[in-house]
Amino acid sequence: MTFQEIMAKAGAEQAAGWGESGRLLTKQVKKEEFNLYDYINQILAGQQAAEEKDVSRKRRKSGWRLGGALLGGVGGWLLGGPGGAAKGSKWGATLGAGAGSLLGSKIAQATEPGGWKLKGINPQLAGGMFFKGQRERADLKKEDVSRYISDANKFYEQSAWTDAVQDAFTARKMMLLDPRDWFGDVGVDGDEWITNKFGEYVRHGGTVGFKYE
Amino acid sequence: MNEQLQKLLEAAGLGDFSQYFTGDLSQIIKLLGLKGDQSTQFGKFFQQFNPQTYLDAADAASESRDVRSGMLSGRLGEQLSSLKRGTETGLERGRDKFRELGATSGFGDKFGALKREGGESIEDIIQKSLTQKSGYQRDFQRGSIASEEQYGSERGAIYSDLQKWLNAVLARGERLYGLDLTGGGGGNGGSGDPGGGGDTTPLGF
């Protein structure tokens with residue numbers, strides 16, 4: 001073989017070899033890149049779905065909670081009244097509102113379409129040779145979303161009880177107030193009615209008014 | 001490493017990079033700083049170096065030069081032999097001619113004018129012969145220079161190819177670095193089969 005032939009052969013081998021190995025590299029890189037895109041998209045889609053469901057289940061639960069608290073409060077007030085007169089009706093409303101709120105929340109939880117829990121995400125990313133930093137970043141994002149879902153589920157479940165206690169307290173406060181004060185002094189900013197030492201119902205500041213007995 | 005290849009690399013100015021030219025891909029991977037499984041995983045992204053090809057090319061260039069040199073020397077030898085024969089023949093004929101003229105005239109070849117004329121003719125023959133000889137020698141030198149130039153350009157082509165190969169290795173290494181290597185523990189994950197395009201698109205999220 002002549003020198004020119006040998007060199008031409010070597011040149012052809014090199015060009016073809018580098019071209020082929022470059023194509024393999026590009027293929028591998030693109031494969032991993034698209035897998036990574038898919039993985040990230042699954043995480044983001046899971047996050048978006050969880051956020052949407054969390055809002056809708058809270059909205060739904062708040063309706064049931066309100067209805068339950070009102071019904072429970074009125075029911076308790078009615079039930080407590082005959083047995084313990086005024087005090088019984090107040091405690092009855094308090095306990096009824098709390099129990100009704102809890103029951104309403106639990107009904108909302110139990111009847112939530114598709115289950116009350118936010119579905120966890122579990123996308124899988126195949127191993128690879130490249131994009132170490134992006135892989136780590138995607139895994140961190142996955143952990144963040146999983147943690148958010150887990151916390152949101154815990155909070156939702158706990159909130160039935162905390163809301164029930166809160167509703168009971170609210171009912172109790174309302175029952176201790178004069179019904180006319182449930183909504184404050186509408187239209188009179190800064191004014192406050194108090195009972196003075198003479199037993200007169202007056203505006204804070206001195207104006208004598210009429211006290212309802 | 002092959003001693004002949006080492007010399008070739010040194011002549012090409014690549015003596016310090018001779019470790020890249022062993023023909024062992026795992027060696028290159030190590031030299032590029034890729035570790036562990038990467039040496040086997042990444043081997044497929046490099047083109048193997050075949051030392052024998054370049055040794056064959058260097059041998060072919062040397063042989064070709066030797067052949068040309070031999071041909072030039074042979075031709076010069078033939079030309080000089082031919083010239084020598086021609087000159088001797090010419091001189092012999094000249095001498096014979098003057099002897100004949102001297103004998104015919106009765107003065108022999110000792111006569112002054114005849115002797116002078118005969119001497120000048122011989123000088124002409126010798127001068128002509130020397131001119132031809134120097135012409136042949138110039139031709140030989142020109143041929144030798146052309147042969148050396150060709151040899152040099154052939155060696156240059158080999159050096160250039162070696163350099164190109166090393167550049168390709170280093171460039172591929174740089175490209176791999178830019179892809180943020182994971183450690184090579186993985187494999188051919190997923191099912192995508194994309195075509196060409198850029199490598200390091202940032203994945204924004």
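Start by selecting chain B: five helices are there, and zero strands. This is a predicted model. Follow chain B from the N terminus, and the elements run α-α-α-α-α.

Chain B has 205 residues, and buried residues make up 15% of them. Now think about contacts between residues at least 6 apart in sequence. In chain B, 67% of these join residues at least 24 apart.

**Next stop: helix 2**

Select residues 25-31 of chain B, which form helix 2. Zoom in on Ser26(B), one of the residues in this helix. Is Ser26(B) buried, exposed or partly exposed? Ser26(B) has 14 other C-beta atoms within 10 Å, so it counts as partly exposed. Buried would take 20 or more, and exposed 12 or fewer.

Now show the partners of Ser26(B). Leaving out residues up to four places away in sequence, Ser26(B) touches Ser39(B) and Gly43(B). Ser26(B) and Thr40(B) lie 14 residues apart in sequence, and their C-alpha atoms are 6.9 Å apart in space.

**Next stop: helix 4**

Select residues 51-105 of chain B. This is helix 4, with 55 residues. How far does helix 4 reach from its first C-alpha to its last? The span is 80 Å, close to the 81 Å expected at 1.5 Å a residue.

Which residues of helix 4 are buried? Pick out Tyr54(B), Ala57(B), Ala58(B) and Ala61(B), then move on to Phe98(B): these are buried.

**Last stop: the residue after helix 4**

Step just past the end of helix 4 to Gly106(B). Check the backbone there: Gly106(B) takes a positive phi of about 85 degrees.

Notes: Residues are numbered from 1 along each chain as its sequence is written. Chains are lettered from A and ligands numbered from 1 in the order in which they are written. This is a predicted model: local features need pLDDT of at least 70, side-chain atom pairs count only at pLDDT 80 or more; totals for chains, interfaces and linings use all residues. Helices (H or I, at least four residues) and strands (E, at least two) are DSSP runs, numbered from the N terminus. The expected span of a helix is 1.5 Å times one less than its number of residues. Two residues are in contact if their C-beta atoms, placed from the backbone, lie within 7 Å.
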